[in-house]
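I opened the notebook to look up how one protein chain is put together. My entries follow the order in which I looked.

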Amino acid sequence: SLRVEYNRVDHYNSRSKLRVIVAPGQAQGGRLRVRFNEGYLRAMRIDHVVPEPERVEAAEDGIYFVFAALASESPTRLEFAVQPSEFGRIEGRIGLPGRPSARFTQFLFP
């Protein structure tokens with residue numbers, strides 16, 4: 001239901017892009033909610049998001065970016081411009097409500 005594209009290896013304090021591709025039909029109530037684990041967002045500063053989310057929500061299971069859902073048979077593509085604020089091994093999890101998260105690891109060099 002969700003795929004993540006990212007740089008597996010990057011440098012601390014360099015700008016990068018993280019892309020999330022969401023399969024059609026994943027929106028609920030006209031909104032698409034995409035969950036990030038808090039640890040990833042502590043290690044990676046998000047400079048901007050395309051398309052821009054309507055809001056960001058904190059929850060027990062992570063931080064949600066909420067987007068207006070487009071009626072489309074095509075996947076939804078989200079692009080997050082990120083900049084590492086830490087270096088080392090960063091564990092990321094991105095998911096949709098009620099679904100398992102996609103897990104990924106990035107290595108950030110000083």
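**Entry 1: the model.** I noted before anything else that this is a predicted model.

**Entry 2: the sheet.** I looked up the strand order and found an open sheet of six strands, β2-β10-β9-β4-β7-β6, with mixed pairing. The edge strands are β2 (9–11) and β6, and each pairs on one side only. From one strand to the next, the twist averages 30°. I wrote down as background that strands of a sheet pair through backbone hydrogen bonds, either parallel or antiparallel.

β2 and β10 pair in the parallel sense, over three bridges. Asp 10 has Leu 108 in β10 as its bridge partner. A hairpin of two residues connects β6 to β7.

**Entry 3: salt bridges.** How many salt bridges does the structure hold? I found 11. As background, side chains of opposite charge can pair when their charged atoms come close.

I looked up Arg 33 and Glu 57, whose side chains meet in a salt bridge at 2.6 Å, N to O. Arg 33 lies in strand β4 (residues 31–36) and Glu 57 in strand β6 (residues 55–59), so this pair ties together parts that are 24 residues apart in sequence. Arg 33 has a relative accessible area of 27% and is partly exposed. Glu 57 is also partly exposed, at 21%. I noted that both residues belong to a network of salt bridges that links Arg 31, Arg 33, Glu 54, Arg 55 and Glu 57.

Next I took Glu 79 and Lys 17, which form a salt bridge with their closest N and O atoms 3.7 Å apart. This pair links distant parts of the chain: Glu 79 is in strand β8 (residues 76–84), Lys 17 is in strand β3 (residues 16–22), and they are 62 residues apart. Why does Glu 79 count as partly exposed? Its relative accessibility is 25%, and partly exposed covers the range between under 20% for buried and over 50% for exposed. Lys 17, at 34%, counts as partly exposed too.

I also recorded Arg 45 and Asp 47, whose side chains meet in a salt bridge at 2.8 Å, N to O. Arg 45 is partly exposed at 42% relative accessibility, and Asp 47 is partly exposed at 34%.

**Entry 4: Arg 42.** Arg 42 lies in helix α1 (residues 38–43). Is Arg 42 buried or exposed? Arg 42 counts as exposed because its relative accessibility is 57%. Leaving aside residues up to four places away in sequence, I found that Arg 42 touches Ser 85 and Glu 86. Arg 42 and Glu 86 are 44 residues apart along the chain, and their C-alpha atoms are separated by 8.4 Å.

**Entry 5: a surface patch.** Which residues form a nonpolar patch on the surface? I found Val 9, Phe 107 and Phe 109, which together have about 280 Å² of accessible area. Phe 107 is found in strand β10 (residues 102–109). At 40% relative accessibility, Phe 107 counts as partly exposed.

Key:
Residues are numbered from 1 along each chain as its sequence is written. This is a predicted model: local features need pLDDT of at least 70, side-chain atom pairs count only at pLDDT 80 or more; totals for chains, interfaces and linings use all residues. Side-chain values use heavy atoms; hydrogens and water are left out. A salt bridge is a side-chain nitrogen of Lys or Arg within 4 Å of a carboxyl oxygen of Asp or Glu. Helices (H or I, at least four residues) and strands (E, at least two) are DSSP runs, numbered from the N terminus. Buried means under 20% relative accessible area, exposed over 50%, partly exposed in between (1.4 Å probe, protein chains only). Contact means heavy atoms within 4.5 Å. Patches are made of residues with over 30% relative accessible area and no salt bridge: like charges are joined within 9 Å, nonpolar side chains (Val, Leu, Ile, Met, Phe, Trp, Tyr) within 5 Å. Accessible areas come from the Shrake-Rupley method with a 1.4 Å probe; for residues, only the protein chains shown count as cover. Two strands pair if DSSP finds at least two bridges between them. Axes are lines fitted to C-alpha atoms, for helices over the stretch in contact, and angles run from 0 to 180 degrees between N-to-C directions.
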